[in-house]
Amino acid sequence: MSENKFVQVAINLPLNDVFDYSVPQVLQPLVRIGKRVWISFGNRTIVGFIVGISNSSAIARIKEIKSIIDKEPILSPEILELTRWIADYYLCSWGEAIDAAIAMPFKKGKTSIKPRLASQLIPGIDYEKKTGENILNKDQNKALLQLKQSMDKQEFNVFLLHGVTASGKTEVYFGAIEQALQQERDVLVFIPEIALTPQTVQRFTEKFGKEKIALVHSRLSAGEKFTQWQRIKNSQAKIVIGPRSAIFSPFKKLGLIVVDEEHENTYKQEDTPRYHLINTAIKLAQIAQATVILGSATPSLESNYAAKTKQFKLIELPERIKGSELPYVQIVDMRNQSIRTKRLPLLSKVLEDNISRCLKNKEQIIIFLNRRGFSTFVNCQKCGYILQCPKCSLALVFHCDKKQLICHHCSYARPAVNLCPECNGNYINYLGTGTQKVESELCRIFPQARISRMDSDSMRKKTAHFEALDDFKHKKIDILVGTQMLAKGLDFPNVTLVGVISADISLNLPDFRASERTFSLLTQVAGRAGRGKTAGKVIIQTYTPEHYAIECSVNHDYHGFYAKEIVFRKQLNLPPFSRLISIVLRSKEEQTVIAAAESFNQKLRLKIKNQEISVIGPMPMPIAKLKGYFRWGLILNTADILSTNKLIKELLKDNKLSSKIKLAIDVDPRMVV
Ligand code: ADP
Ligand code: ZN
């Protein structure tokens with residue numbers, strides 16, 4: 001007589017538990033951890049993931065699984081352990097974490113999808129392997145030696161590779177990757193927004209050949225993604241290059257994880273599970289006994305602090321590759337400019353003169369402003385009425401190409417107005433500056449120049465940015481205007497001037513990381529200038545030139561910036577000295593959400609009692625209304641995420657929220673809005 005068999009099943013619903021099901025006799029030989037099953041849950045039939053097998057169950061009236069979906073497990077033990085950790089750390093259910101981890105084609109119970117080879121992964125780049133290598137310089141060699149020594153031991157280690165822009169970090173990654181391949185271990189490489197950095201991808205394919213590489217990015221179709229997944233699973237591809245979700249790739253034996261531009265916010269997932277790639281990569285490396293390299297010219301405060309306190313090993317590349325110097329940075333105080341001309345100028349005289357000079361010399365120019373649209377604030381001068389989104393508590397942005405007022409958070413759009421909707425007066429002001437206004441102003445001042453704009457409005461078409469970058473590379477464009485899309489990874493030696501229209505936008509955001517983000521963004525954009533033989537120049541326009549985030553960027557002084565910022569973080573007990581958890585409640589009814597936030601707050605404070613957790617709030621969130629929902633929240637400041645999470649879980653279990661309330665919990669939020 002064969003024994004009874006039971007499985008523990010995780011499901012993609014926000015329920016903490018795993019559920020016991022019994023297995024019919026015929027299916028028993030096929031049961032394995034990591035396979036998907038069809039189960040009935042409530043009155044629906046849904047997909048579940050087998051996470052455990054047992055010979056007994058405490059459940060009295062137990063249901064049977066309906067069928068087993070997979071021939072082979074689609075989840076490895078490593079990925080199961082990783083998703084379990086994600087669920088505990090980022091406060092979601094195990095099933096939700098697993099659902100995020102499985103490849104697209106496997107969602108909704110599918111077993112296969114027509115594989116498609118992505119022939120044109122990224123148009124316009126050449127995938128052939130090239131010979132001819134750079135000889136590493138002294139610093140690069142030293143860096144690589146340290147990495148190799150750690151990798152030889154095949155043990156878990158995290159390195160922070162802090163190298164100024166164009167110091168040759170990528171070449172160091174290459175050396176480490178070669179080492180991993182020699183050890184027959186797989187490599188994961190993370191690049192923020194692959195589709196925006198075709199040059200970086202091209203360097204990898206030139207170095208290792210496209211056969212060894214699996215390229216995963218958001219613009220692939222489901223079939224193309226599935227092909228890449230299969231290539232990794234059957235060990236054809238040894239190097240996976242991708243966005244954060246590539247962390248769940250079905251590799252065999254992981255040896256190395258490289259995270260380029262580790263400070264980037266795009267590494268944080270903004271929906272459930274709200275995991276951060278860095279933490280998750282470190283956890284996976286711990287599970288797989290692998291080496292992690294975090295690379296950046298401006299490491300996050302958290303990572304640099306971890307290096308200072310010896311949790312990470314620090315490697316530095318303090319100089320640019322011979323032949324190019326860090327660009328000269330000039331700050332322009334816009335307060336003086338406005339007095340001189342009696343109106344707010346977009347371009348200072350200094351920036352205008354420098355653009356003229358570069359155009360004469362046939363050098364290229366990047367102009368940066370981190371705000372799209374034309375006018376970012378439209379109001380009535382007579383009655384003061386501000387044109388706001390009806391669904392969000394945010395001003396509408398005027399887009400001149402479409403003659404529309406658009407909400408950047410929910411895409412609500414209405415035709416532009418000549419008369420005030422409130423008082424009917426015709427004194428409508430179009431204030432604030434976006435990239436479209438900059439572009440049109442540049443066209444007016446430099447009618448002979450070839451000017452192009454690169455932001456998410458102008459880049460709607462799938463291949464638009466490849467074309468723009470290709471045109472820029474082939475010098476068909478003189479001036480490229482754009483948002484932070486331009487700050488990343490571009491390596492164009494003929495760019496000698498970078499202009500920052502306003503450094504103040506990111507500085508004024510209501511977030512404790514505003515200074516860090518500003519310094520990092522300025523350093524990254526500045527890093528685009530002077531990468532070739534001709535010296536580069538950066539001009540930063542600002543109304544707050546005395547701010548240390550701006551002052552330090554003049555001298556590319558990361559250490560100076562860190563020293564100032566870390567004192568402020570310590571005084572206020574903010575990360576990296578503590579951890580934050582943001583809890584946001586939202587409802588279509590304002591009174592309902594206020595009441596719910598207040599009641600949640602009271603219960604939470606009762607529960608906390610003696611623990612070292614401080615609570616800020618309840619309060620309306622900086623974006624008090626979003627997509628029709630009123631938003632109230634709390635921010636928890638704690639030394640210990642896991643025990644605080646446990647407390648929140650208990651609280652939520654004992655106090656069911658009304659169906660009118662939606663809840664979002666963000667552990668280690670990158671930005672509290
Ligand atoms: P980072 O990633 O630090 O910005 P890169 O790796 O992109 O720097 O290197 C900047 C430029 O210098 C690239 O064009 C690269 O090919 C070149 N380079 C890197 N290392 C060397 C070297 N040892 N010798 C010559 N050129 C190098
Ligand atoms: Zn809106």
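Biologist: Leaving aside neighbours within four places in sequence, which residues is S515 in contact with?

Modeller: Keep in mind that this is a predicted model, where local features need pLDDT of at least 70, side-chain atom pairs count only at pLDDT 80 or more, and totals for chains, interfaces and linings use all residues. Residues are numbered from 1 along each chain as its sequence is written, chains are lettered from A and ligands numbered from 1 in the order in which they are written, and side-chain values use heavy atoms, with hydrogens and water left out. Contact here means heavy atoms within 4.5 Å. With neighbours within four places in sequence set aside, the partners of S515 are L507, H547, Y548, A549, F561 and E565.

Biologist: Is S515 buried or exposed?

Modeller: S515 sits in helix α14, residues 514-526; helices are DSSP runs of H or I with at least four residues, strands are E runs of at least two, and both are numbered from the N terminus. Buried means under 20% relative accessible area, exposed over 50%, and partly exposed in between, using a 1.4 Å probe and protein chains only. The relative accessible area of S515 is 11%, so S515 is buried.

Biologist: On to T280: what is its relative accessible area?

Modeller: T280 belongs to helix α7. Not counting residues up to four places away in sequence, T280 touches L82, W85, I86, Y90, I247 and Y275. T280 is buried, and its relative accessible area is 0%.

Biologist: Which residue's backbone oxygen lies 2.7 Å from a polar atom of the T280 side chain?

Modeller: A polar contact is a pair of N or O atoms within 3.5 Å; within protein, one must be able to donate a hydrogen and the other to accept it, and residues adjacent in sequence count only if both atoms are side-chain atoms. For the T280 side chain, the backbone oxygen at 2.7 Å belongs to H276.

Biologist: Now ligand 1. Which side chain has a polar atom 2.6 Å from an oxygen atom of ligand 1?

Modeller: An N or O atom in the side chain of K169 is 2.9 Å from an oxygen atom of ligand 1. T170 also has a polar side-chain atom 2.9 Å from a ligand 1 oxygen. The 2.6 Å distance belongs to R203.

Biologist: How many residues surround ligand 1?

Modeller: A residue counts as near if one of its heavy atoms lies within 4 Å. Helix α4 (residues 169-182) gives the largest share of the shell, three residues. I135, Q140, A166, K169 and R203 are the closest, and the number surrounding ligand 1 is 16.

Biologist: What is the phi of K627?

Modeller: K627 is in the loop between β25 and β26 (629-638). K627 is partly exposed, with a relative accessible area of 49%. Although K627 is not a glycine, its phi is positive, about 50°.
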